[in-house]
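Here are my notes on the model you sent. Please read them with the structure open beside you.

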Amino acid sequence: MFICVFLASSQKIDPKYLTLAEEVGAELARRGHTLVSGGAKVSCMGAVTRAARAGGARTVGVIPQALVDIEVADEDSDELIVTTDMRERKGVMDARSDAFLVLPGGIGTLEELFEVWTARTIGLHDKPLVVLDPWGVYRPLRDLVDGMHEQGFTRPNVFDAISWTTTVEEAFELLEKRTTHLVPSPEELGEATAG
């Protein structure tokens with residue numbers, strides 16, 4: 001399975017996030033999957049990719065030319081795809097992936113999470129989406145979406161489109177479960193989309 005991992009590229013974060021990324025890369029390799037990532041060699045992006053390769057996994061990096069130009073591209077990727085911009089990058093990552101795993105990250109990670117989550121909620125794909133959050137970084141986000149749901153701003157199946165976990169093992173079990181397609185009901189199609 002091609003698993004896309006969204007995660008931090010900041011180099012100012014606690015080292016525990018790098019360790020988590022390494023654990024994810026090692027487990028991905030142990031289970032025989034291929035890694036799809038943002039194609040950078042820095043921070044958690046680099047950590048997950050190096051660990052995956054060290055375990056024998058194939059790695060596919062997708063990175064915009066602007067980041068290649070500032071020398072953060074992971075040139076050791078088995079396949080490095082250079083895109084014209086961030087929008088194309090996300091499209092390629094989505095197309096190349098069978099499932100999505102989200103680790104703690106910044107606003108870029110949030111953007112990727114919301115795009116995949118929204119698309120799954122409205123039935124544009126049926127790929128598993130799992131958030132691995134051992135330290136509760138995304139707890140405020142979950143509370144926010146809970147409140148939005150209570151006020152009718154999200155579709156009823158918004159929570160069916162995503163799984164939350166705190167352990168690497170459970171994250172991969174959920175990804176491999178290959179959850180079923182979420183088809184919006186006619187009533188839901190008449191509602192405003194999440195976002």
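**Notes on the predicted model**

1. The buried residues of helix 5 are Thr109, Glu112, Leu113, Val116, Trp117, Ala119, Arg120 and Thr121. Here buried means under 20% relative accessible area, exposed means over 50%, and partly exposed lies in between (1.4 Å probe, protein chains only). The cover over these residues includes strand 1 (2-6), helix 4 (86-96), strand 5 (99-102), strand 6 (129-132), helix 6 (139-150) and strand 7. Helices (H or I, at least four residues) and strands (E, at least two) are DSSP runs, numbered from the N terminus.

2. On the basis of these notes: this is a predicted model, in which local features need pLDDT of at least 70 and side-chain atom pairs count only at pLDDT 80 or more, while totals for chains, interfaces and linings use all residues. Residues are numbered from 1 along each chain as its sequence is written, and side-chain values use heavy atoms, with hydrogens and water left out.

3. Confidence is given as pLDDT, the predictor's confidence in each residue, from 0 to 100. The chain has a mean pLDDT of 91, and 91% of its residues reach 70 or more. Over residues 179-186 the pLDDT is below 50, and this stretch has 18 contacts in the model beyond near neighbours in sequence. A contact means heavy atoms within 4.5 Å. Residues 191-195 also stay under 50 in pLDDT, with ten contacts beyond four places in sequence.

4. The sheet is open and has seven strands in the order 4-3-2-1-5-6-7, with parallel pairing. Strand 4 (79-83) and strand 7 (163-165) stand at the edges with a single partner strand each, so one side of each has no neighbour in the sheet. On average, neighbouring strands are turned by 20 degrees against each other, direction ignored. That angle is taken between axes, which are lines fitted to C-alpha atoms (for helices over the stretch in contact), and runs from 0 to 180 degrees between N-to-C directions.

5. Two strands count as paired if DSSP finds at least two bridges between them. Strand 2 (residues 34-37) and strand 3 (residues 59-64) pair in the parallel sense over three bridges. In this pair Ser37 stands opposite Gly61 of strand 3. Thr59, also found in strand 3, is buried at 1% relative accessibility. Beyond four places in sequence, Thr59 touches Leu35, Thr49, Ala52, Arg53, Ser77, Asp78 and Glu79.

6. What are the lengths of the helices? Helix 5 (residues 107-121) has 15 residues and reaches 20 Å from its first C-alpha to its last, close to the 21 Å expected. The expected span is 1.5 Å times one less than the number of residues. For the twelve residues of helix 6 the expectation is 16 Å, and the end C-alpha atoms are 17 Å apart, which agrees.

7. Positive phi values deserve a look. Ser43 is not a glycine, yet its phi is near 50 degrees; Ser43 lies in helix 2 (residues 43-54) and is buried at 11% relative accessible area. Glu71, likewise not a glycine, has a positive phi of about 65 degrees. Glu71 sits in the loop between helix 3 (65-69) and strand 4 and is exposed at 63% relative accessibility.

8. With a disulfide taken as a pair of cysteine sulfur atoms within 2.5 Å, the count comes to zero. Cys4 is in no disulfide, and the nearest cysteine sulfur, that of Cys44, is 15 Å away. Cys4 is buried at 0% relative accessible area, and Cys44 is buried at 2%.
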